[in-house]
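Please open the model in a viewer and keep the selection tool at hand. The stops are given in the order in which to select them.

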Amino acid sequence: MTKLPFISIIIPCRNEEKFIGKCLDSIIGQDFSNENMEILVVDGMSDDRTRDIIANYAKQFSFIKQLENPNKIVPTAMNIGILKSKGKIIIRMDAHNTYEKDYISKCIKYMKEYDADNVGGIWITLPSNKSLLAKSIALALSNPFGVGNAHFRIGSKEPRYVDTVPFGCYRKEVFEENGLFDEDLIRNQDDEFNLRLIRNGGKILLVPDIVSYYYARDSLSKLWQMYYQYGYFKPLVTHKIGAILTWRQLIPSLFLCSLMFTFVLSFFSYYFMRIFLLIIASYIATNLIFSFAIAIEKSLKLLAFLPITFATLHFSYALGYLKGIWDFVVFKKHKNKKIADMALTR
């Protein structure tokens, strides 16, 4: 590439004192010229050391700027960044991640080669600390039993067109043609925007050579809260776009519904009691098989944490999804008032 485009990197950020420095270091160290980029860190009114850390980086590097996000949520941060951006290409990056040094250059390379509107890579999940629980959470988030067939999580052998990618690299005109991120969606706003993009003829490319590293949550309570929120906002996405994004999103809630339905009916019929026990036994057996397979490969000590980690993922998402149907599909909560920010899951 003889002439590099000017790019704008937007980082939504809130209370990321543990990770924002690592994130910025990995972007500053890219093999892409710093003269051809701006980094807009849009802070959601952090109340830890995050703002001071960003300010120190901004003093050292003129291409780093800190913007304010009074509404605190990610879609608002993205929209603030997009409207302030100067680049022809916009890359959304996450403060909880670090990036291979060729991340930016490869995004631009493949965008040009494939004439794609949004390019992203695979997401390698790392534990937040050295504890067995943190390692179990990271492994569960990289396993098909935990996250389904999301290729950016479980990997892909070659570039492929997909329905969404994490931390997309977009042509700026995509936002002029399709609008900005939906600020009703505190979570899953990328999914909704990317489907809007595809419906308007856009192409989203996943490239396995483009790699970022994500630091997973370090406790089951944080994992539960995060996946409950992911599940909670999925029905709102479905309601807004009038279609189910992927069938994998229904499996946890259908499983939970089958459990609740057969459990209630088991009080009236022994037949449903047997079905209930069969469903429970099948889930436990499948959970243990996947957990044991991972533990054999990594460490048998992980077997003490993996089954409950998988269960946390599945049941939190399922409960959130059902609550989302109740709030957004049945009672249209999003039309009655502006959705308030949700508690942090860090």
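Predicted model: local features only at pLDDT ≥ 70, side-chain atom pairs only at ≥ 80, totals over all residues.

Residues are numbered from 1 along each chain as its sequence is written, and side-chain values use heavy atoms, with hydrogens and water left out.

**Helix α2**

Select residues 50–60, helix α2. Helices (H or I, at least four residues) and strands (E, at least two) are DSSP runs, numbered from the N terminus. Thr50, Ile53, Ile54 and Tyr57 are the buried residues here; buried means under 20% relative accessible area, exposed over 50%, and partly exposed in between (1.4 Å probe, protein chains only). Looking down the axis of α2, the buried residues fall within an arc of 95 degrees, so they line one face of the helix. The arc is taken over the directions from the helix axis to the C-beta atoms. Asp52 and Lys59 are exposed, on the face of α2 turned away from its buried side.

**Strand β4**

Next, select residues 89–92, strand β4. Ile89 and Ile91 point one way, Ile90 and Arg92 point the other way, and all are buried. β4 pairs with β1 in the parallel sense over four bridges; two strands pair if DSSP finds at least two bridges between them. Ile10 stands opposite Arg92 of β4. With strand β8 (residues 169–171), β4 pairs in the antiparallel sense over three bridges, and Ile91 is opposite Cys169 there.

**Two loop residues**

Most residues other than glycine have a negative phi. Select Asn15, in the loop between β1 and α1; its phi is positive, about 50 degrees, although it is not a glycine. Asn15 is buried, at a relative accessible area of 16%. Then go to Lys72, in the loop between β3 and α3 (74–84). Lys72 also has a positive phi, near 75 degrees, and is partly exposed, with a relative accessible area of 35%.

**Helices α11 and α12**

Finish with α11 (residues 251–265) and α12 (residues 270–297). Which residues of α11 meet α12? They are Phe255, Ser258, Leu259, Phe261, Thr262, Phe263 and Leu265, and they meet Phe272, Ile275, Phe276, Ile279, Ile280 and Tyr283 in α12.

How values were computed. Axes fitted to C-alpha atoms, helices over the stretch in contact; angles between N-to-C directions. Contact = heavy atoms within 4.5 Å.
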